[in-house]
Amino acid sequence: MSNTDIEIVVDDPTAPEADSPAVTSNRIADVVVCLMLLAIAVTLGFDNWRTGAGWESTGPQPGYFPFYLSIILSAASLYGLVAAFLSRKEAAETFVTRAQLRRVLAVFVPTLLFVLATQFLGLYVASFLLISSFMRLVGKIVLWKSLLTAFIFTAVMFVTFDIAFDVIMPKGPLEAALGR
């Protein structure tokens, strides 16, 4: 038996089930992304045209280069839309199943909550909560290890940014109470 005949199979007990129903197709995902990019390109194009997208005697106006980049982004988005509608193959392919989407949302929702919590609790407290909850709920790590790891990470982050490099980070009520 040669080395190429050996196959190692590892089953992942947390892998999403193979028979999970489809949520959306590749075509719909492509169309949604292209429309979002087109909306961003139109918004940026209009704003840069408003601030000046021409050429003056001293050189380009402030919006000159961004305006033309937004035109390129618009063209690429329109090309993507046309390609998505013309492709018969992508219409039938599954982009994401319900089980896969559940796993993505298990990471996306806490991350979104972290961003919102940073505004009210500060970066360090929000980071502590995110790391400890991820380790405990997603990683199934023992509570004391989750809390200790989150504490050490946020302490190192605090020392690195606030003390060593003196970088201004979003502060919350706990940091204000500690005098930082």
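The crossing of α1 and α2 is left-handed. That word has a rule: a crossing is left-handed if the near helix is turned anticlockwise from the far one by less than a right angle, and right-handed if clockwise. Helices here are DSSP runs of H or I, at least four residues, and strands are runs of E, at least two, numbered from the N terminus.

A word on the source. This is a predicted model, where local features need pLDDT of at least 70 and side-chain atom pairs count only at pLDDT 80 or more, while totals for chains, interfaces and linings use all residues. Residues are numbered from 1 along each chain as its sequence is written, and side-chain values use heavy atoms, leaving out hydrogens and water.

Back to the pair. α1 and α2 pack at about 160 degrees, axes 8 Å apart. Axes are lines fitted to C-alpha atoms, for helices over the stretch in contact, and angles run from 0 to 180 degrees between N-to-C directions. So α1 and α2 are roughly antiparallel; the cut-off for that is over 145 degrees, with under 35 roughly parallel, 65 to 115 roughly perpendicular and the rest oblique.

Now α1 itself. Helix α1 covers residues 26-52, which is 27 residues. At 1.5 Å a residue it should span 39 Å, and its end C-alpha atoms are 38 Å apart, which agrees. The expected span is 1.5 Å times one less than the number of residues.

Which residues of α1 are buried? Among them are N26, C34, L38 and G52. Buried means under 20% relative accessible area, exposed over 50%, partly exposed in between, with a 1.4 Å probe and protein chains only. The cover over the buried residues includes β1 (22-25), α2 (64-86), α3 (88-92) and β4 (94-97).

Next, salt bridges. The whole structure has 2. Each needs a side-chain nitrogen of Lys or Arg within 4 Å of a carboxyl oxygen of Asp or Glu. D47 and R50 form one, at 2.4 Å, N to O. They sit 3 residues apart in α1, so about one helical turn separates them. D47 is partly exposed at 32%, and R50 is exposed at 54%. K171 pairs with D162 at 2.7 Å. K171 is partly exposed at 31%, but D162 is buried at 6%.

Last, another pair. α4 (98-121) and α5 (123-138) pack at about 155 degrees, axes 8 Å apart. They are therefore roughly antiparallel. Their crossing is right-handed. Contact means heavy atoms within 4.5 Å. Residues of α4 including F114 and L121 meet residues of α5 including L130 and F134.
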